[in-house]
2 protein chains.
Amino acid sequence: MPIDVQKVLGQQLAEMPFEWRERDIILYALGLGVGVGEVPTSEGVLRYTYEGGLKVIPTYGVVPAFPALTGVMSVPGFDINPMMILHGEQYTEVLCKEIPTRADTVTTARVTGVYDKGKGALVTLEAITKVKGGQDLFKNEFGVFVRGEGGFGGPSGPPPGNDAPSREPDAVREYPTMPHQAILYRLSGDYNPLHIDPQFAAMGGFERPILHGLCTFGNVGRGVIDEYCGGDPTRFSSIKVRFSAPVMPGETIVVQMWKESDTAILCEAKVKERGLSVVKNARVVLR
Amino acid sequence: MPIDVQKVLGQQLAEMPFEWRERDIILYALGLGVGVGEVPTSEGVLRYTYEGGLKVIPTYGVVPAFPALTGVMSVPGFDINPMMILHGEQYTEVLCKEIPTRADTVTTARVTGVYDKGKGALVTLEAITKVKGGQDLFKNEFGVFVRGEGGFGGPSGPPPGNDAPSREPDAVREYPTMPHQAILYRLSGDYNPLHIDPQFAAMGGFERPILHGLCTFGNVGRGVIDEYCGGDPTRFSSIKVRFSAPVMPGETIVVQMWKESDTAILCEAKVKERGLSVVKNARVVLR
């Protein structure tokens, strides 16, 4: 098979530098849909979009590490068709007290697992982002699902966990997106043409360009901060999600939340217009 | 009076470096409202937002020179209250064949006129933007209206010209904006809090933060390119406008056009919701 498990496991990716400034932080928030369907002068919008008191939406922590997801393609022993890759799971943890609104960082990443999921292989990558010569900022774990590469007889890995309770959600938040939301989100670093180019979307088996899973991911984080943290993003510690289906730009993301404890919220997300689940097995940990 | 005409006239501003990349070009287009109320996969949207065949909206030419507008505040002899400044007029000319989607540039600017407009003074600045060590890209002329600084007995300057004919417009294009459009547009370099902060807007005498005049300006250019150039921005040579009233974010900009010749289009813009004129005495020259 084109994934050489023994060769790939433990492989270190090339170090990835990444810089951001206030403008990038604001652009990320707008990319998630902050401001859409909201009063633009409300505290909930200005907190994430105005230099006066600017706060970083903590899921931004995946952005500096994101190049790892494409970088894995150049790992020796990882010989697969890039069109068969899906972003399956994502874990992002904030390692610092408050995320700086500007930083020069470097990310190191390595392959931590290759699992046999039957229909495909799940490859996990761990990435640590630090301020250059300074403090740790983020830990990410990317779960890359490679369609058609399963059945090699390897371990299937741990179950996703974080199942939502059977009761009705304790809280629900809705976040509308714009029909051209993906064109804005991609400026935060994921330029995969699948999200803008109708021909690429068709090749991937989609009727039209799909919204980035990480855009939905950010809105799950937003939901918990809005609902359980009084809008204070510094209380956010980590998020884990599994992507179950794509959102189409223009749809409304419905974040369902179940309070497990004062510091643990189980989540799912679905699309309002189609009732379809798009994020499952999700958990946000607060501090 | 706090503008020392003899001292200010001819003063050179400090040289201003400015770099842009494809991402900035796309962000500018989204800031104008490209994609709002449009099919996101249409040629008219992708042309300005997708790296595959990316075109620069020519009014982007004002962006690298924009710091001149605030730089004028530090010119010796120009001692006025910044809250009294309005962007009154704007001329932007493309000096190159096709605007590059990435460039490292430098802009030089100088004060070219101080006119007595009775209720205020009109100060004009000319700015030339070049590729560092290379070709000329843009010529801009900013008209800065300083409220309360007129009546000093100086020349009143040439009339704005470019009056629209009395007949109905030959063509009309409508460009909707989002209620949080100004939050997006400001990422192209005009961070004046007047466009995001309700308290600053109130100090400036506005009920809520207003849209950037230069956002409307860009949409006038877009109108002519869409209507008379078959969407080909390389046919655009120059634009001159006078700002007559502010647009509120979320309003629809109606661009009215009168064909003067194959290469000259007279324009006005108004707000659909209030019927108010926001741009007058405008002319776009094509090539």
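## Cavities and helix packing in a predicted model

The second largest cavity is lined by B:E89, B:Q90, B:Y91, B:T124, B:E141, B:F142, B:G143 and B:K240. Two elements of chain B, β2 (85-94) and β5 (136-147), each give two or more residues to that lining. Please keep in mind that this is a predicted model.

**Cavities**

- Rolling a probe the size of a water molecule over the atoms shows where empty space is left.
- Here the count comes to three cavities of 30 Å³ or more.
- The second largest cavity, with the chain B lining given above, has a volume of about 40 Å³.
- Its lining residues divide into two nonpolar, three polar and three charged.
- The largest cavity has a volume of about 70 Å³.
- Chain A supplies the lining of the largest cavity: A:K55, A:V56, A:P58, A:V94, A:K97, A:E98, A:I99, A:P233, A:T234, A:F236 and A:R287.
- By class, the lining of the largest cavity has six nonpolar residues, one polar and four charged.

**Helix α2 of chain A against helix α2 of chain B**

- Two packed helices are described by the angle between their axes and the distance between the axes.
- For helix α2 (residues 22-32) of chain A and helix α2 (residues 22-32) of chain B, the axes come within 14 Å and cross at roughly 50°.
- That angle makes α2(A) oblique to α2(B).
- The crossing in which α2(A) passes α2(B) is left-handed.
- On the α2(A) side the contact involves A:R23, A:D24 and A:L27, which meet B:R23, B:D24 and B:L27 in α2(B).
- Sorted by class, this contact has two nonpolar, no polar and four charged residues.

**Helix α2 of chain A against helix α7 of chain A**

- Within chain A, α2(A) also packs with helix α7 (residues 213-228), at an angle of about 95° and with the axes 9 Å apart.
- α2(A) and α7(A) are therefore roughly perpendicular to each other.
- From α2(A), the contact is made by A:Y28, A:G31 and A:L32, and from α7(A) by A:L214, A:C215, A:G218, A:N219 and A:R222.
- The contact of α2(A) with α7(A) has four nonpolar residues, three polar and one charged.

Terms used: Residues are numbered from 1 along each chain as its sequence is written. Chains are lettered from A and ligands numbered from 1 in the order in which they are written. This is a predicted model: local features need pLDDT of at least 70, side-chain atom pairs count only at pLDDT 80 or more; totals for chains, interfaces and linings use all residues. Side-chain values use heavy atoms; hydrogens and water are left out. On a 1 Å grid over the protein atoms alone, a cavity is a set of points where a 1.4 Å probe fits but cannot get out, and a pocket is an open set with protein on both sides within 12 Å along at least five of seven lines; lining residues have an atom within 4 Å of a point. Grid points are joined across faces, edges and corners, and a volume is the space filled by probe spheres set on the points. Ala, Val, Leu, Ile, Met, Phe, Trp, Tyr, Cys and Pro count as nonpolar, Asp, Glu, Lys and Arg as charged, and the others, Gly among them, as polar. Helices (H or I, at least four residues) and strands (E, at least two) are DSSP runs, numbered from the N terminus. Axes are lines fitted to C-alpha atoms, for helices over the stretch in contact, and angles run from 0 to 180 degrees between N-to-C directions. Angles under 35 degrees count as roughly parallel, over 145 as roughly antiparallel, 65 to 115 as roughly perpendicular and the rest as oblique. A crossing is left-handed if the near helix is turned anticlockwise from the far one by less than a right angle, and right-handed if clockwise. Contact means heavy atoms within 4.5 Å.
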